[in-house]
Amino acid sequence: MQTVFIVAILLLGFLITFQIAKASEYVAVLRGEEKAKKQTNKVNAFLLLAFLIVGLIGVYYCNETLKGRILGEAASNHGKHIDTMFHITLVLTGIVFVITQIALFWFSYKYQQSDDRKAYYYPHNNKLEVIWTVIPAIALTVLVGFGIFYWFKITGDAPKNAMEVEIVGSQFKWEFRYPGHDGPGGKGVFGKKYFKKITGDNPLGQIWEDPANHDDVYVTGEPMHLVVDKPVRLIINSKDVIHDVGLVHFRMKMDAVPGTPTTMWFTPTKTTKQMAQELGKANFVYEISCDQMCGKGHTGMRGELIVETQEEFDAWMATKQALYSKLFEKKQPAASDTTHTVDSTAKQVTAVLNK
Amino acid sequence: MSDTIHIHPGQVAHEVAHDDHHHGHHEQSFVTKYIFSQDHKTIGKQFLVTGIIWAIVGGLFSVLFRLQLGYPGQTFPILETVFGKWAEGGVIKAEFYYALITMHGTVLVFFVLTAGLSGTFANLLIPLQVGARDMASPFLNMLSYWFFFMASIVMISSLFIHTGPAAGGWTVYPPLSALGQASIGSKLGMDLWIVSMALFVVSALLGGLNYIATILNMRTKGMSMTRLPLTIWALFFTAVLGVLSFPVLFSGLILLLFDRNLGTSFYLSDIVVNGEILNNEGGSAILFQHLFWFLGHPEVYIILLPAMGMVSEILSVNSRKPIFGYMAMLGSLFAIAILAFLVWAHHMFVTGLNPFLGSIFVLLTLLIAVPSAIKVFNWLTTLWRGNIRLAPATLFAIGFVSLFISGGLTGIFLGNSTLDIHLHDTMFVVAHFHIVMGVASMFGMFAGIYHWFPKMFGRYLNSTLGYIHFWVTMVGAYLIFWPMHYEGLAGMPRRYLDKSSWAAFSQFGDLDKMITIVSIIVFAVQLMFVFNFFYSIFKGRKVTSPNPWGANTLEWTTPINPGHGNWEGEIPEVHRWAYDYGKDGREFIPQTEPIGANESKH
């Protein structure tokens, strides 16, 4: 009933507008078309000027209202670079925006049709054109320069001491793997995996013959844990469709592509607790969002992340058991051996995940 | 070039003769005149009307998903009445939401802003403005429309099947679009989507080749390339872009069709979907993105260039001043067309693309800002010291420039890979491309419709409704898309249907409501424009002068209602460029007027 009512009102409003519009056409004809045209011209010229002024105030008002709702300071080293780059771009484009919009609407208003004005025949001026080719070119060179400088910093190699965490997306959840301590210098090495090994018990398809897998810790259904001020390199993978690891507070993002592992690294600079304090939100959490549309549950593909001190991290890690030991240490070793010798060898080549 | 090389001069003469009396003589049946017509003007109108119908459908979809975004979880019983199981209990289901956004994008990008925009105006304007009786091949031109029509039928039919239409986003990235197990929209609906797009590509190619051939070969005597109006140049580059890039999309889609139905692994590798281990190995999901964006990025310019061309023409005519820097405008069109092919990977900065390659694409992408800046400054100088007639077409052209500036500048953020890491796939992107490509091109299209409606139908659109249309759309466009940038700055991903469970993205509820309300109002005003359009075809005020805007170009030398063949008698000869407005104290000098003895040079 309500819908019918709304539709009726809309139709009525429309009919009235249309009748007025039609009538105004007749009136124009009666009053002399030239005169009517001049008047609408004036009205529209005025509206253009009004639009400019109200629009610029609106831009300011919009910024005042919404700037508090966008993110605070970046919580990673790269995030700070990205924010700097953003501000450089914002200032440059902002200047261009204001000047060109003012010129556009001011000219449209100022040079509205009038009987005592003659249009100025001005087909070209090479000097002017060179000027406004060169100036944007210089401005853009600056932006490209800064942009590429930061881009290489961000996408360059991760520091040697970076910890590594694997993050795997699938419809519609995130799973994590920590590499343990089996490498040189206590740094973990990820064991190889192969997607055809994926079962309910082995959600990432780890190859158990690879001893590197034996101390890899599998984590799901709880937040990923990272250490503050310690660089982290994420190894990103997907099991089904393309997902994207989005970490807004760190300003980082990278696609998770099935069959093609990707990586990104950054250094978190603020613990979860610090952020909660700074933002005044006691229940603050870092969120992992899926930023590449992945199906009907895309919106709900939410993960959490905790940044903490090394001690806190170690304490948390101590509560974890490697998936290998969970699965096999209580069982008969022989039984597990037969299951994985059968489907091993040849295809392992393609299963190389980390080099 | 005389008229003798064109189709059936006899028939043309016939028609022209009859035109003086009444329409609908027995020479042509209704079918050959209005349906399977080979007259470029009729084909242009067919594209326009089909485009308008598609625009209503695509716009309606956006209103529906805006309801979901503005009022997540709220029930709208009428939705269940209309859409049944897709909106059970009056709440838009996730699957339905994704089908809506996918179809909204596909329809608006391809069916409205490609076919509806360049299909309409290339067909209408190319022969009229270069001085030709028709296209190089009127028959292929007719086929171009009918392939588009078939594409439309297939796409529409996909809306009514049990599993619904494609729902993987208009970019249809595999594996999501390749695996029926991964999404209900990737079942039959996706096959229909591919078939429809394949037909669409055929249509685009038939049309594009015709436009190029006509512009290169069928210009009237004296119409050298540098005397062409900028509309024609823009349509020329548009056609070249389409002809070179649509086949790449075609090949990409065919491979996708193979992956879907024949078990190939072009895009698929290492996939376990819903617990089912697939056999595909060795494919690359990213390959599709390269193929897609090799069309996808030029596509942006396929949409934008015709609007730029028409805006140049309309601003010049209505400020009664020559377009400033014709050669610079031409050069910048050319530069944009070349660069359009060299920037596609800026859509893929965060796919794991080689960072060095990424940096090259940053450079090339930001380079596009230079010709774009030249165009803006030249438009501004065209308005400067003019004597501006603010017809609805002029207002839409001014609106286009304003939106192009706003959206172009946000492109400088996104084209910079460093910033793109943060802004990629957020609402910032949505705001950016809707302003610069969607709304701006729509404005160009509206400007073109208001300006050339008298040529198409011999009547005027009601200009009061035109002014209302402009002001509501202009204000609405900024109200909808300007604040949306802030959502993107907060990192809010696009294509989220309900942000309430997120700590970082749930703070924009009232803003989303406002945007929804404004978009409904703007949509209603577009319906008013559609009404104005169809009403004025039959009841609009009649045009009494063949050249109502006092314009220089050739289309205004034809009779008010030109028949098939456009000119009675000889095709006029051209003696000058199209922009002699306000020269030597004369308001305008048509292209057909010989250069006078004492005329000043420019």
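User: Which residues make up the covered face of strand E10 (residues 302-308) of chain A, and which the uncovered one?

Analyst: The model is predicted, and local features need pLDDT of at least 70, side-chain atom pairs count only at pLDDT 80 or more, and totals for chains, interfaces and linings use all residues. Residues are numbered from 1 along each chain as its sequence is written, while chains are lettered from A and ligands numbered from 1 in the order in which they are written. Helices (H or I, at least four residues) and strands (E, at least two) are DSSP runs, numbered from the N terminus. A residue is buried if 20 or more other C-beta atoms, placed from the backbone, lie within 10 Å of its own, exposed if 12 or fewer, and partly exposed in between. In E10(A), the covered face holds Gly303(A), Leu305(A) and Val307(A), whereas Arg302(A), Glu304(A), Ile306(A) and Glu308(A) form the uncovered one.

User: With which strands does E10(A) pair, and in what sense?

Analyst: Two strands pair if DSSP finds at least two bridges between them. Strand E4 (residues 224-227) of chain A is parallel to E10(A), with four bridges, and Leu226(A) stands opposite Val307(A). Strand E9 (residues 286-290) of chain A pairs with E10(A) in the antiparallel sense, also over four bridges; there Ile288(A) faces Gly303(A). Both Val307(A) and Gly303(A) belong to the covered face of E10(A).

User: What is the strand order in the open sheet of five strands in chain A?

Analyst: The order is E3-E2-E1-E5-E8 in chain A, and the pairing is mixed. Strand E3 (217-220) and strand E8 (262-266) of chain A are the edges, because each has a single partner strand and one side without a neighbour in the sheet. From one strand to the next, the twist averages 25 degrees. Within this sheet, E1(A) and strand E5 (residues 232-238) of chain A run parallel and are joined by seven bridges. Met163(A) has Val232(A) as its bridge partner in E5(A).

User: Where are the cis peptide bonds described here?

Analyst: One cis bond runs from Gln171(A) to Phe172(A), with omega near -10 degrees. Phe172(A) sits in the loop between strand E1 (163-170) and strand E2 (173-178) of chain A. In chain B, Pro174(B) and Pro175(B) are joined by a cis peptide bond with omega of about 0 degrees. Pro175(B) belongs to the loop between helix H6 (138-158) and H7 of chain B.

User: How is the packing of helix H5 (residues 94-130) against helix H7 (residues 188-217) in chain B to be read?

Analyst: Axes are lines fitted to C-alpha atoms, for helices over the stretch in contact, and angles run from 0 to 180 degrees between N-to-C directions. The axes of H5(B) and H7(B) come within 10 Å and cross at roughly 20 degrees. H5(B) is therefore roughly parallel to H7(B), as angles under 35 degrees count as roughly parallel, over 145 as roughly antiparallel, 65 to 115 as roughly perpendicular and the rest as oblique. The crossing is left-handed, meaning that the near helix is turned anticlockwise from the far one by less than a right angle; clockwise would be right-handed. Two residues are in contact if their C-beta atoms, placed from the backbone, lie within 7 Å. Residues of H5(B) that meet H7(B) include Phe110(B), Gly119(B) and Val130(B), and those on the H7(B) side include Phe200(B), Gly207(B) and Tyr211(B). By class, this contact has nine nonpolar, four polar and no charged residues. Ala, Val, Leu, Ile, Met, Phe, Trp, Tyr, Cys and Pro count as nonpolar, Asp, Glu, Lys and Arg as charged, and the others, Gly among them, as polar.

User: Are Asp270(B) and Arg320(B) buried or exposed?

Analyst: Asp270(B) is buried because 29 C-beta neighbours lie inside 10 Å. Its loop lies between helix H8 (230-261) and strand E1 (272-273) of chain B, and its phi is near 55 degrees, a positive value in a residue other than glycine. Arg320(B) is likewise buried, with 23 other C-beta atoms within 10 Å. Phi of Arg320(B) is also positive, near 55 degrees, and the residue lies in the loop between helix H9 (285-318) and helix H10 (326-340) of chain B.

User: How many residues of chain A are in contact with chain B?

Analyst: In chain A, 97 residues are in contact with 103 residues of chain B. The largest share of the chain A side, 15 residues, comes from H4(A). That side divides into 47 nonpolar, 33 polar and 17 charged residues.
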